[in-house]
Amino acid sequence: MARAATALIDLDALRHNLQRVREAAPGRHVMAIIKANGYGHGMVRVARAMANADAFGVASIDEAIVLREAGIETPITLLEGFFEAQELALIQHHRLGVVIHQAAQLDILEAHPLSAPIPTWLKIDSGMHRLGFAPEQAQDAWRRLKACRWVADPVRLMTHLASADDRHSLQTLHQLECFSAAIAGIEGERGIANSAGILGWPQTHADWVRPGIMLYGVSPFIDSVAVDDGLKPVMTLTSKLISVNRFKKGDAIGYAASWVCPLDMPVGVVAIGYGDGYPRHAAPGTPVLLNGKRVPLIGRVSMDMITVDLSSQPNAQIGDPVTLWGQGLPVEEVAHCASTIPYQLLCGVTQRVRMVESGERV
Ligand SMILES: *Cc1c(COP(=O)(O)O)cnc(C)c1O
């Protein structure tokens, strides 16, 4: 039998979550963010399932070209724009939009006349301090874009929120004020909200919203899980029990003998490990669903396997189904146990994990 590690992708859940975006931010345009291989779910697959999004956002031209070559006709925006002049011809050829966030990009644009206007977002740094023009440079950057005949008119305006996942942080309000002041008097559609902005900060909805993580059925907030926000998990990572053993009190389990049996107990081995994208830093006690019920992870996560405490399911058998996260076990909780965020777990599922769309035969 093939290796059991399988990621089930529920495209109905994805469509449900897109609908949640539309309910939470009614009447707004939706740029669905599908960078990093659709947050690990398969970029072309999620793009096809969300054909009714108003646009897609990706990180780079390579991702955009994969979408165009798969026949996706929806507008696509490169969230970091272009990195060098050679990309402009491809951007034009594939009808891509760009984010312009720094003067070096303006210099390149001005020096390379194009045959048709490209849709453009001007990005302002309102406090995230990663990409974007400083607020006091915004008006000048906008004038330069406007003067460029091959930049589509009107230029759209965007910024990105740094702390919207914390419903109590004041930074979001400061960023809103800073953004409005920087672009005062400029015409053009505005876009601010990521998933946390969409669900938690209605004042950030503006003209366009840019949902990412919520589309995949994960709460964007530090203190909630998907169901609290009416979202359904899209990816369920599953595998199987491949061995059951009994050990004595005092026996050590796994690498570095870091976990020692407190009693005589049954221990199960599951075919999943960091080679599949299961986090190596998942702590003992991290929940794993076996036959639909929780059992705790014990010992170190290895490349191909993990070990679980079967004391609560002494009759568990080789071949029994296991869920690592997804339906029945929030990825938010597993991420927390591994001192990371759900984004990293979803993006990190590796090539050797089979991806199966729901409805397909498993
Ligand atoms: C990734 C990204 C998003 C989506 O963020 P989520 O937290 O996943 O909703 C939105 N805007 C920009 C610019 C991004 O890079």
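Where does the ligand sit?

## Where the ligand sits

The ligand sits in the largest pocket; to sit there, more than half of its atoms must lie within 2 Å of the pocket's grid points. A pocket here is an open set of points on a 1 Å grid over the protein atoms alone, where a 1.4 Å probe fits, with protein on both sides within 12 Å along at least five of seven lines.

This is a predicted model, in which local features need pLDDT of at least 70, side-chain atom pairs count only at pLDDT 80 or more, and totals for chains, interfaces and linings use all residues. Residues are numbered from 1 along each chain as its sequence is written, and side-chain values use heavy atoms, leaving out hydrogens and water.

## Around the ligand

Among the residues surrounding the ligand are Ile33, Lys35, His160, Arg210, Gly212 and Ile213, where being near takes a heavy atom within 4 Å. On its own the ligand has 390 Å² of accessible area, and the protein covers 91% of that (Shrake-Rupley method, 1.4 Å probe).

The largest pocket holds about 960 Å³ of space, a volume filled by probe spheres set on the grid points. Its lining counts 41 residues, with Tyr39, Asn194, Ile213, Ile341 and Tyr343 closest to the centre; lining residues have an atom within 4 Å of a point.
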